[in-house]
Amino acid sequence: MFSTILEQIINGVVTGSVYAIVAVGMTMIFGVLRAINFAHGEYYMLGTFGSWFAIDYLGLSYEASIVVGVLSTIVVAYVVGRLVMQRMVGAPAESGVLATLGIALVLQNTVILVFGGGYKFFSGGYIEPVSILGFSLAQQRIIILIVCLLVFVGLELMVTYSRMGKSMRAVSQNVECCEVVGIDVPQVVLRTFILGAALAALSGVLTAPVNVSVYGGMGELITFKTLPIIIMGGLGNVRGTFFAAMILGIAESLVATYVGLQFRDTVGFATLILMLMWRPHGLFSTQARF
Amino acid sequence: MSLTEVSQTQQSRDLRLPFGLVLLALALCAPLLASTYVVHALIIALIFMLPAHGLNLLVGYTGLLSLAQAAFFGIGAYASGLLAVTYGTPFYINVIASGLVAGALALPLGIPALRLRSTSFVMCTLGFVIIGQAIAKNWISLTRGDMGLSGIPKPHFALGPLSFTVSGTMAFYYLALAIGILATLAVWMIVRSPAGRNMIAIRENETLAESVGIPTWRYKLIVFMLSAAFAGVGGSLYAHYLTVVSPLTFQMYYSTTMLIIVLGGGAGTISGVVFGSLLFVGLTEALRVTPELRMIAYGLCLLVLVFWFKQGFAPVINRLWNFIGGAK
């Protein structure tokens, strides 16, 4: 009994890591743009598709396909960033919602139109189970955990010390002042956006061997999972996002085991709505900002 | 336009009334002129016009961006389907009951949701759609899960010895048209009333509206419920038209469609919603555009609307209307 719970919690932490890598990009984009990116899951999907394409059509190895998946997503993100995201600087919140909803529709359905709407089999990755302290865990899941930790440590360092991280923080605090002191706001927005999209793609590529199936609608599902996370974590809050993702991952895993698998996908929004009633400003922020 | 101007120039006559009558006549004759498939497309457009009208009250007049419309659309469809299948109640009761149920459910959902600020409010309304779908899928004893409710009867009217079943596409078109016209008139009356002006005041500046004594909280709640009621009626019509309801009625895609109708047609205008539903739903349905292509087009439309045509087609419609009215 106890070991089942522990196993579910470990599974939840892995799921949470996947969400965390996607959500952190979304929350950083919110930080600089004040807009929720409804299309963020689509970059997760694009990364997975790029990697699947590389393995199935180009015959590359899984390691190489990771690079292909992430790079192709970066290219798409660059185009979207230049054409759409940079225009959103200073626009009202509603237009951000609508524009990113539009991007999500375009990206998702273009992929479905090109590759068909059916499920595809993802063949790469390391799925052999390893036994650690009596639990068997697929290698790929361990990789996900390690990458997640590396990503968050790296981001924390970048946001605190690097020039780009500092300019991101500056833009998220006051756009006008940034313009006054000569920070290129659209450039910061573009870079943050590409970084976020690349992280989402990375998360997608790393998760694909565990999920096995690849399909056009998978991005939307991830968007709906990460939206509650970034709000729970306090919009723009990197550390809060990490903990919210872990909480949601564990909660989903426990609900799937003890309540029913079919309720797993509603945990996020149910928790979100309850949280909004109780602490409308997020779990980790002291005051409501948005 | 002053009176003297009219007498001076012969051509600038006010043709708005005859033009309106021609439009009405066209709407009435459509099933005779168009093929069955086009009439089907018009019916779908008319059905989607109802939740879009509701959304317009919320987005266009009160300034609240909501994605919950599909949830209330689904609630209406299920309420209607359950009533018809379980109790065999006639159509006109189902339609009214669906509107009431959706409107009533909007109260407990709206009270917490409307306390939130813009972004969180959007998230919360999105959550309603997702949770609605999960409930429709998993409350199997009530909703039969993924199998959905089937065998919802076509609308049937009985008055003493007279009875009439709306079975054909053509007959259903007139039913949908009648309900559509009633809904449009209802929205027009709401918007024209002092309440409508208060709603616009809330949209323009909520703090100022509050300070001049408009009970903004109560207004937002009532408009939220009203918009849900419109969506519920639309869902009921949808259920009776397709005769099946499935959990897929709760779809983000529907919320997006309704948003496109309102924003594309012109938020805060009634003619815009009518025009928008004909263009974005009716036309795509009539041209048999595949769902993927349609959604790509919707996505591009959203981007264009947000960045370049903030008012949608409203200015075009206005200019046309003024032109017909004789203004130069």
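This is a predicted model: local features need pLDDT of at least 70, side-chain atom pairs count only at pLDDT 80 or more; totals for chains, interfaces and linings use all residues.
Residues are numbered from 1 along each chain as its sequence is written, and chains are lettered from A and ligands numbered from 1 in the order in which they are written.

Chain A contains 11 helices and four strands; helices (H or I, at least four residues) and strands (E, at least two) are DSSP runs numbered from the N terminus. The C-alpha trace of chain A extends over about 55 × 45 × 35 Å along its principal axes. Its radius of gyration, 19 Å, agrees with the value near 19 Å that a compact globule of 290 residues would have. This radius is taken over C-alpha atoms, and the globule rule is 2.2 Å times the number of residues to the power 0.38. Chain B comprises 15 helices and four strands. With a radius of gyration of 20 Å, close to the 20 Å given by the globule rule for 328 residues, chain B is as compact as a globular protein of that length. Its C-alpha atoms fill a box of roughly 70 × 50 × 45 Å along the principal axes.

The unreviewed UniProt entry for chain A places the feature "transmembrane region" at several spans, including residues 142–161 and 242–261. UniProt positions follow the numbering used here, feature names are shortened, and annotations may be inferred rather than shown by experiment. Residues 142–161 of chain A are 100% helix and 0% strand, with end C-alpha atoms 28 Å apart. For residues 242–261 of chain A, the figures are 85% helix, 0% strand and 24 Å. In chain B, the spans listed under the feature "transmembrane region" in an unreviewed UniProt entry include residues 91–114 and 171–191. The former span of chain B is 96% helix and 0% strand, its end C-alpha atoms lying 32 Å apart; residues 171–191 of chain B are 100% helix and 0% strand, with a separation of 30 Å between the end C-alpha atoms.

Within chain A, the axes of helix H1 (residues 2–33) and H9(A) come within 9 Å and cross at roughly 65°. Axes are lines fitted to C-alpha atoms, for helices over the stretch in contact, and angles run from 0 to 180 degrees between N-to-C directions. The crossing of H1(A) and H9(A) is right-handed; a crossing is right-handed if the near helix is turned clockwise from the far one by less than a right angle, and left-handed if anticlockwise. Residues making this contact include A:Tyr19, A:Met26 and A:Phe30 of H1(A) and A:Ile222, A:Lys225 and A:Ile229 of H9(A), where contact requires C-beta atoms, placed from the backbone, to lie within 7 Å.

Within chain B, helix H4 (residues 69–87) and helix H12 (residues 252–265) pack at about 115° with their axes 7 Å apart. H4(B) and H12(B) are therefore roughly perpendicular to each other, a term covering angles of 65 to 115 degrees. Their crossing is right-handed. B:Gln69, B:Ala70 and B:Phe73 in H4(B) meet B:Met252, B:Tyr254, B:Ser255 and B:Met258 in H12(B).

The contact between the chains takes 33 residues from chain A and 30 residues from chain B. On the chain A side, helix H4 (93–115), helix H9 (218–232) and helix H11 (267–278) each supply at least two residues. The largest share, 15 residues, comes from H4(A). By class, this side of chain A has 24 nonpolar, six polar and three charged residues; Ala, Val, Leu, Ile, Met, Phe, Trp, Tyr, Cys and Pro count as nonpolar, Asp, Glu, Lys and Arg as charged, and the others, Gly among them, as polar.

Methods. Two residues are in contact if their C-beta atoms, placed from the backbone, lie within 7 Å. Angles under 35 degrees count as roughly parallel, over 145 as roughly antiparallel, 65 to 115 as roughly perpendicular and the rest as oblique.
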